[in-house]
Amino acid sequence: MLMRTDPFRELDRITEQILRPGTWSRPSAMPMDAYREGDEYVVAFDLPGVSPDAIDVDVERNMLTVRAERRPAVNADNVQMELSERPLGVFSRQIVLADTLDTERIDADYDAGVLTLRIPIAERAKPRKVSIGGGSSRKQIKG
């Protein structure tokens, strides 16, 4: 059997495990996408393999914080791990939200390893028409 090998692959994997595991005091970043869809902003975070109960979403003033923890899948005593390449630990991301977003009505959904937050645009930030009054009640200023 032929195997294509990379002499630095194992070194890269070990370095990644040592230098990059997330802890509560130093979490790793999680990839995300953010875009506007109609009258709401959508932020999607990649969290594959994370249990929904291990995800925490907080909003304080205009700071959105998403924190998640990926735990080992196997915790039995009789299991000997042969290969472990999936990152474990704590992942976190903070985003400053604009004042034009309604942080009271954030909708969160978690499906297929993707956490999707939908944040509606506040009514005061939406475009609106301003009516112009007629000129029949003009007053003259004397001074």
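Predicted model: local features only at pLDDT ≥ 70, side-chain atom pairs only at ≥ 80, totals over all residues.
**Entry 1. Terms and model**

Residues are numbered from 1 along each chain as its sequence is written, and side-chain values use heavy atoms, with hydrogens and water left out.

**Entry 2. The second largest pocket**

I looked up which residues line the second largest pocket, and I found Arg71, Pro72, Ala73, Val74, Met81, Leu83, Ser84, Glu85, Arg86 and Leu88. I recorded about 170 Å³ of space in this pocket, a volume being the space filled by probe spheres set on grid points that are joined across faces, edges and corners. I sorted the lining into six nonpolar, one polar and three charged residues. For this I counted Ala, Val, Leu, Ile, Met, Phe, Trp, Tyr, Cys and Pro as nonpolar, Asp, Glu, Lys and Arg as charged, and the others, Gly among them, as polar.

**Entry 3. Strand pairing**

I use strands as DSSP runs (E, at least two residues), numbered from the N terminus, and I call two strands paired if DSSP finds at least two bridges between them. Strand S1 (residues 32–37) runs antiparallel to strand S2 (residues 40–46), and six bridges join them. I noted that glutamate 37 has glutamate 40 in S2 as its bridge partner. Two residues lie between the strands of this hairpin, and glycine 38 there takes a positive phi near 65 degrees. I then followed S2 to strand S7 (residues 114–120), where seven bridges make an antiparallel pair. Valine 42 has arginine 118 of S7 as its bridge partner.

**Entry 4. Salt bridges**

I count a salt bridge where a side-chain nitrogen of Lys or Arg lies within 4 Å of a carboxyl oxygen of Asp or Glu. How many salt bridges does the structure hold? I found four.

Glutamate 37 forms one with arginine 118, with 2.9 Å between the closest N and O atoms. This pair links distant parts of the chain, since glutamate 37 is in strand S1 and arginine 118 in strand S7, 81 residues apart. For accessibility I use relative accessible area with a 1.4 Å probe and protein chains only: buried is under 20%, exposed over 50%, and partly exposed in between. Glutamate 37 is partly exposed at 39%, and arginine 118 is partly exposed at 26%.

I also recorded glutamate 69 with arginine 71, where the closest N and O atoms are 3.5 Å apart. Glutamate 69 is partly exposed at 21%, as arginine 71 is at 44%.

For arginine 105 and aspartate 102, I noted 2.8 Å between the closest N and O atoms of their salt bridge. Aspartate 102 is buried, at 19%.

Most residues other than glycine have a negative phi. I therefore checked where arginine 61 lies and how accessible it is: it is in the loop between strand S3 (55–60) and strand S4 (63–70), and it is exposed at 76%. Its phi is positive, near 55 degrees.

Alanine 112, also not a glycine, has a positive phi of about 55 degrees. I placed alanine 112 in the loop between strand S6 (107–111) and S7, and I noted that it is exposed, with a relative accessible area of 74%.

Definitions and conventions: Helix = DSSP H or I, 4+ residues; strand = E, 2+ residues; numbered from the N terminus. 1 Å grid on protein atoms, 1.4 Å probe; cavity = no way out; pocket = protein on both sides within 12 Å on 5 of 7 lines; lining within 4 Å.
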